[in-house]
Amino acid sequence: EIMDNPLYLYDLEYKNVIGVDEAGRGPLAGPVVAAAVILKEYTEELDEINDSKKLTEKKREKLYDIIMKNFYVTVGVSTVEEIDKLNILNADFLAMRRALKDLKSLKNEKEYTVLVDGNLKIKEYEGKQLPVVKGDAKSLSVAAASIIAKVTRDRLMKDLANIYPDYSFEKHKGYGTKTHIEAIKDKGAIEGVHRKVFLRKILETEEEKTK
């Protein structure tokens, strides 16, 4: 039964695997969130795990609980301030290193290979690592990390929606939708919530359109 799952088979090639992925590289608002996971033991429940982009929010929420039960899981966050200071890519790597550091303190006895979604290695990470393009569709651990990162970030954005109800964060999760850009133009950016660097690009493009 287990052997039918191509995502699990992919991870088996590397023996001790840590899956790493992030959510929130593209939005105009909110933190970037990374997750790192290690499988405890394979169970059939995990067959439903797939690329988080293909799953509905409801399905991701359900899988979140399944993953928390069957994996060691840690999460790392980089704040909007850090994103503005370091740039999004470096802030992203920082979030990943934070997640990995916490995971390593949970499980440090073996040598692990980190499989990280995308085409870039995690900067300043000392251990063995391998970037996997479309990793969340290939590796069970990367797919699991992607679901944890996405659900965690979505929950954070819903919390922000309660504090700032005028911006519809619960709907667009900080991404640059029409509604979101309208709200920013209408009510202004929120300090510590909106990424200044990202807004500059958006609002400049908007201005060029109106000229």
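How many residues does helix 5 have, and what distance does helix 5 reach from its first C-alpha to its last? Helix 5, residues 140-163, has 24 residues and reaches 35 Å, close to the 34 Å expected at 1.5 Å a residue. The model is predicted.

**Helix 5**

- Ser139 makes a contact at the start of helix 5: one of its side-chain oxygens comes to within 3.3 Å of the backbone nitrogen of Ser141.

- Strand 1 covers residues 17-23, and because 7 of its 7 residues are buried, it is largely enclosed by the rest of the structure.
- Val17, Gly19, Asp21 and Ala23 point one way from the strand, while Ile18, Val20 and Glu22 point the other way. Residues on both sides are buried, and these include the charged residues Asp21 and Glu22.
- Strand 1 runs parallel to strand 4 (residues 113-117), and 4 bridges join the two. Within this pairing, Val20 has Val116 as its bridge partner.
- With strand 2 (residues 32-39), strand 1 pairs in the antiparallel sense over 5 bridges.

**Largest pocket**

- The volume of the largest pocket is about 260 Å³.
- Its lining consists of 15 residues, and Lys15, Asn16, Val17, Ile38 and Leu39 are the closest to the centre.
- Helix 1 (6-12) and strand 2 are the elements that give two or more residues to this lining. Helix 1 gives the most, with 3 residues.
- By class, the lining has 7 nonpolar, 2 polar and 6 charged residues.

**Second largest pocket**

- The second largest pocket has a volume of about 190 Å³.
- This pocket is also lined by 15 residues, and those nearest its centre are Glu22, Ala23, Gly24, Lys53 and Lys150.
- Strand 1 and helix 5 each supply at least two residues of the lining. The element that gives the most is helix 5, with 4 residues.
- The lining of the second largest pocket divides into 2 nonpolar, 3 polar and 10 charged residues.

- Val17 is a buried residue of strand 1 and is among the residues closest to the centre of the largest pocket.

Key:
Residues are numbered from 1 along each chain as its sequence is written. This is a predicted model: local features need pLDDT of at least 70, side-chain atom pairs count only at pLDDT 80 or more; totals for chains, interfaces and linings use all residues. Side-chain values use heavy atoms; hydrogens and water are left out. The expected span of a helix is 1.5 Å times one less than its number of residues. A polar contact is a pair of N or O atoms within 3.5 Å; within protein, one must be able to donate a hydrogen and the other to accept it, and residues adjacent in sequence count only if both atoms are side-chain atoms. Buried means under 20% relative accessible area, exposed over 50%, partly exposed in between (1.4 Å probe, protein chains only). Two strands pair if DSSP finds at least two bridges between them. On a 1 Å grid over the protein atoms alone, a cavity is a set of points where a 1.4 Å probe fits but cannot get out, and a pocket is an open set with protein on both sides within 12 Å along at least five of seven lines; lining residues have an atom within 4 Å of a point. Grid points are joined across faces, edges and corners, and a volume is the space filled by probe spheres set on the points.
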